[in-house]
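Take a first walk through this structure. Start with the chain overall, then follow its helices and the links between them.

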Amino acid sequence: MADSEHSSSDDTYVDSREETSEESKLDFSEDEETLVIRMYNLVGERWSLIAGRIPGRTAEEIEKYWNSRYSTSQ
């Protein structure tokens, strides 16, 4: 019985952690932002190439970040 209660608690914790993680994915450090800008100027929209230079970031995260911050289409 204690195990099922514990599992329920863990599930709730994981869900809230995933939401927090999703929100913080677009929080880039100043160094990461500078690198994304420099790499974009060099290679354009080659997100996977840019992501390869930033540990822990995916091409999808970088593209989403770029489009939310620097997209010119409105």
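Of the 74 residues in the protein chain, 19% are buried. Buried means under 20% relative accessible area, exposed means over 50%, and partly exposed lies in between, with a 1.4 Å probe and protein chains only. This is a predicted model, in which local features need pLDDT of at least 70 and side-chain atom pairs count only at pLDDT 80 or more, while totals for chains, interfaces and linings use all residues. Residues are numbered from 1 along each chain as its sequence is written, and side-chain values use heavy atoms, with hydrogens and water left out.

The protein chain exposes about 5900 Å². Carbon and sulfur atoms supply 45% of that area. Such areas come from the Shrake-Rupley method with a 1.4 Å probe; for residues, only the protein chains shown count as cover.

Now the elements. The protein chain has four helices and zero strands. From the N terminus on, the order is α-α-α-α. Helices (H or I, at least four residues) and strands (E, at least two) are DSSP runs, numbered from the N terminus.

How does the chain meet itself? Take contacts between residues at least 6 apart in sequence: 46% of them join residues at least 24 apart. Contact means heavy atoms within 4.5 Å.

Look next at helix H2 (residues 30–43) and helix H4 (residues 59–70). Their axes come within 12 Å and cross at roughly 90°. Axes are lines fitted to C-alpha atoms, for helices over the stretch in contact, and angles run from 0 to 180 degrees between N-to-C directions. H2 and H4 are therefore roughly perpendicular to each other, a label for angles of 65 to 115 degrees. H2 brings Glu33, Val36, Ile37 and Tyr40 to the contact. H4 brings Ile62, Tyr65, Trp66, Arg69 and Tyr70. Seven of these residues are nonpolar, none polar and two charged. Here Val, Ile, Trp and Tyr count among the nonpolar residues, and Glu and Arg among the charged.

Which charged side chains pair up? The whole structure holds two salt bridges, each a side-chain nitrogen of Lys or Arg within 4 Å of a carboxyl oxygen of Asp or Glu. In one, Arg69 meets Glu33 (3.3 Å, N to O). Arg69 sits in helix H4 and Glu33 in helix H2, 36 residues apart. Arg69 counts as partly exposed, at 48% relative accessibility. Glu33 is buried, at 18%.

Arg57 and Glu32 also meet in a salt bridge (3.0 Å, N to O). Arg57 lies in the loop between helix H3 (47–51) and H4, with Glu32 in helix H2, 25 residues apart. Both Arg57 and Glu32 are buried.

Definitions and conventions. Parallel < 35°, antiparallel > 145°, perpendicular 65-115°, else oblique.
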